[in-house]
Amino acid sequence: HNHPSYVEPYQGAATGVGGILRDVFTMGARPIALWDQIRFGPLDDPKNRYLFKGVVAGIAGYGNAVGVPTVGGEVEFDPCYAGNPLVNVMCLGILRRDQLVLGTAGEPGSIAVLLGNSTGRDGIGGASVLASASFDEGSEEKRPSVQVGDPFEEKKLIEACLELYENGLVVGVQDLGAAGLSCATSEPAGRAGVGMEVDLDAVQVRESGMSAPELLMSESQERMMAFVAPERLDEVLAVATKWEIDAAVVGEVKPGGTLRITHRGELVAEVPAASLADDAPLYERPLAPPADLEERWSAPHGVTEGDPAETLLRLLDDPAIGSAAWVYQQYDHMLFLNTVVGPGGDGSLLRIKGTEKGLAVSTDGNGFLCSLDPRRGAARLVWEAALNVAVTGARALAVVDNLNFGNPEKPEVMWQFRESVEGISEGCESLGIPVVGGNVSFYNETDGVDIAPTPVVGLLGLADPMPDPAPGLHRAEEGMEVWEIGPPPTDNLAGSVVQRLARGQGGRPSAPDPEVGR
């Protein structure tokens with residue numbers, strides 16, 4: 001939720017948390033933990049401090065209230081994010097294999113039931129106005145496009161949906177995220193190869209006089225679309241009543257593949273259901289490396305000689321290197337009492353109750369590194385996350401990514417994007433793990449200035465059995481030996497924090513060594 005968080009930091013961050021939670025419990029899983037990757041401009045600017053404080057408060061306010069712990073993450077400060085902060089959130093959920101629920105509309109005859117919050121004008125154009133455009137001096141006018149979250153409504157929605165899944169009452173579920181009802185009707189129908197008839201008059205609203213486009217495009221939060229067999233409808237409505245959430249029958253699945261939408265007795269839309277998701281235009285944007293790429297790579301990859309003690313103090317004084325306790329102490333990381341290794345470490349470790357297993361996660365990003373070489377930088381992120389998970393006692397299983405880039409209409413940005421994707425792919429292939437999901441955020445640009453290419457990876461690992469006690473620096477004792485394990489030291493500091501602090505940027509970062517890494 002990069003763009004919404006710039007316009008309204010608290011609600012932008014809070015609804016980012018709410019959206020990723022719904023992505024997880026839509027599939028039948030209970031959300032068990034959150035991680036945040038946040039980036040801002042330098043803290044000597046009051047606007048950046050305002051954004052930083054508001055985003056952290058939004059993540060804490062929503063996550064704590066909804067009852068899901070935030071157990072790790074990363075914070076970074078750099079001038080390139082001053083006009084465009086990055087707010088990426090990852091959620092981990094757990095479910096039995098037979099509980100998996102897909103976003104399908106089911107067979108003709110299935111009933112579409114809209115669950116959760118009522119629909120208002122908040123968030124209209126969130127995807128098209130905020131996420132798909134750059135910022136300029138008029139960005140404050142976009143504030144009405146930011147969604148407004150209600151974590152307590154989300155908590156009720158989580159429990160209601162999980163009960164529906166547990167009792168086998170739904171054939172499919174779709175979260176109402178970007179583009180609201182228009183996507184929540186067309187996408188499930190398109191996947192199932194069926195059509196739908198939708199009556200917008202049945203949608204529960206909290207504002208009067210809403211037009212058909214407003215009802216279809218509203219991104220009001222805490223809403224889900226459930227597809228139900230007619231004979232199970234009363235049971236679904238009873239569960240909604242039990243958890244005190246609104247439920248309204250808004251449509252029916254039909255044969256033929258056509259989506260028909262009516263409002264006030266008139267037909268307002270009639271399109272092939274699959275066309276909105278499957279027939280979108282495919283761009284072949286031009287891409288090209290920066291004109292000065294070779295010059296950058298041939299520049300010195302070290303730093304000017306200086307006093308090591310002074311350099312160390314400057315590193316420790318950097319907000320991105322120093323303690324992030326001010327951030328994570330606002331998060332309740334002990335909800336569920338499953339957190340074994342929490343914030344402040346390299347990776348997080350969670351116990352799976354009733355088993356001897358644990359789940360480990362590390363989220364990592366480095367825009368400074370990737371700005372020099374996006375392919376090598378992205379591959380190194382995968383390896384960094386894998387090593388962070390390994391030190392908790394877990395073996396890497398899978399990766400998700402969040403790809404943050406500037407204006408894709410610029411060939412240099414598209415080149416950065418392609419190279420970063422290839423780098424993540426190379427890192428995962430060398431580890432033998434899949435990329436199972438992710439998100440892309442373009443147009444992170446203000447007044448023509450793009451952010452540094454900032455791919456972020458979240459890597460999941462399994463500890464089986466989970467080490468007891470968990471490894472960590474807290475177990476260090478006086479007299480213990482300190483070992484350094486890995487390849488020989490190198491003088492290549494390209495893309496390092498110490499190079500950034502020296503106000504230099506040059507050289508080509510070293511490529512990861514899969515043999516040594518494994």
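Contact here means heavy atoms within 4.5 Å, and axes are lines fitted to C-alpha atoms, for helices over the stretch in contact, with angles running from 0 to 180 degrees between N-to-C directions. The model is predicted, so that local features need pLDDT of at least 70 and side-chain atom pairs count only at pLDDT 80 or more, whereas totals for chains, interfaces and linings use all residues. Residues are numbered from 1 along each chain as its sequence is written, and side-chain values use heavy atoms, with hydrogens and water left out.

Strand β4 (residues 111–116) and strand β7 (residues 223–228) run antiparallel and are joined by 6 bridges, and A112 stands opposite F227 in β7.

A further open sheet, of 3 strands, has the order β2-β1-β3, again with mixed pairing. Its edge strands are β2 (70–77) and β3 (86–94), each of which pairs on one side only, and neighbouring strands of this sheet are turned by 15° against each other on average, direction ignored. Strand β1 (residues 30–40) runs parallel to β2, to which it is joined by 7 bridges; the bridge partner of Q37 in β2 is E74. Helix α2 (residues 9–25) lies across β1 and β3, and runs at about 30° to β3.

Helix packing was examined next. Two packed helices are described by the angle between their axes and the distance between the axes. Helix α3 (residues 46–66) packs with helix α5 (residues 151–166) at an angle of about 40°, the axes being 8 Å apart. The crossing of α3 past α5 is right-handed, a crossing being left-handed if the near helix is turned anticlockwise from the far one by less than a right angle, and right-handed if clockwise. On the α3 side the contact is made by G61, Y62, A65 and V66, and on the α5 side by P151, F152, E154, K155 and I158. By class, this contact of α3 with α5 has 6 nonpolar, 1 polar and 2 charged residues, where Ala, Val, Leu, Ile, Met, Phe, Trp, Tyr, Cys and Pro count as nonpolar, Asp, Glu, Lys and Arg as charged, and the others, Gly among them, as polar.

For helix α14 (residues 374–390) and α15, the axes come within 7 Å and cross at roughly 35°, and α14 likewise passes α15 in a right-handed crossing. The contact involves P374, R375, A378, A379, V382, W383 and A386 of α14, together with residues of α15 that include W415, E419, S420, G423 and L431. The residues of the contact of α14 with α15 divide into 10 nonpolar, 5 polar and 4 charged. S420 itself is placed in helix α15 (residues 411–431) and is buried, with a relative accessible area of 0%; buried means under 20% relative accessible area, exposed over 50%, and partly exposed in between (1.4 Å probe, protein chains only). Apart from its neighbours within four places in sequence, S420 is in contact with P374, A378, F405 and P455.

L501 lies in helix α16 (residues 497–501) and is buried, with a relative accessible area of 12%. When residues up to four places away in sequence are not counted, L501 touches R314, L315 and D318. L501 and G149 are 352 residues apart in sequence, and their C-alpha atoms are 38 Å apart in space.

The structure holds 0 disulfides, a disulfide being a pair of cysteine sulfur atoms within 2.5 Å. For C91, which is in no disulfide, the nearest cysteine sulfur is that of C161, 14 Å away; C91 is buried, with a relative accessible area of 11%. C183 is also in no disulfide, and the nearest cysteine sulfur, that of C161, is 18 Å away, while C183 is partly exposed, with a relative accessible area of 23%.

Notes:
Helices (H or I, at least four residues) and strands (E, at least two) are DSSP runs, numbered from the N terminus. Two strands pair if DSSP finds at least two bridges between them.
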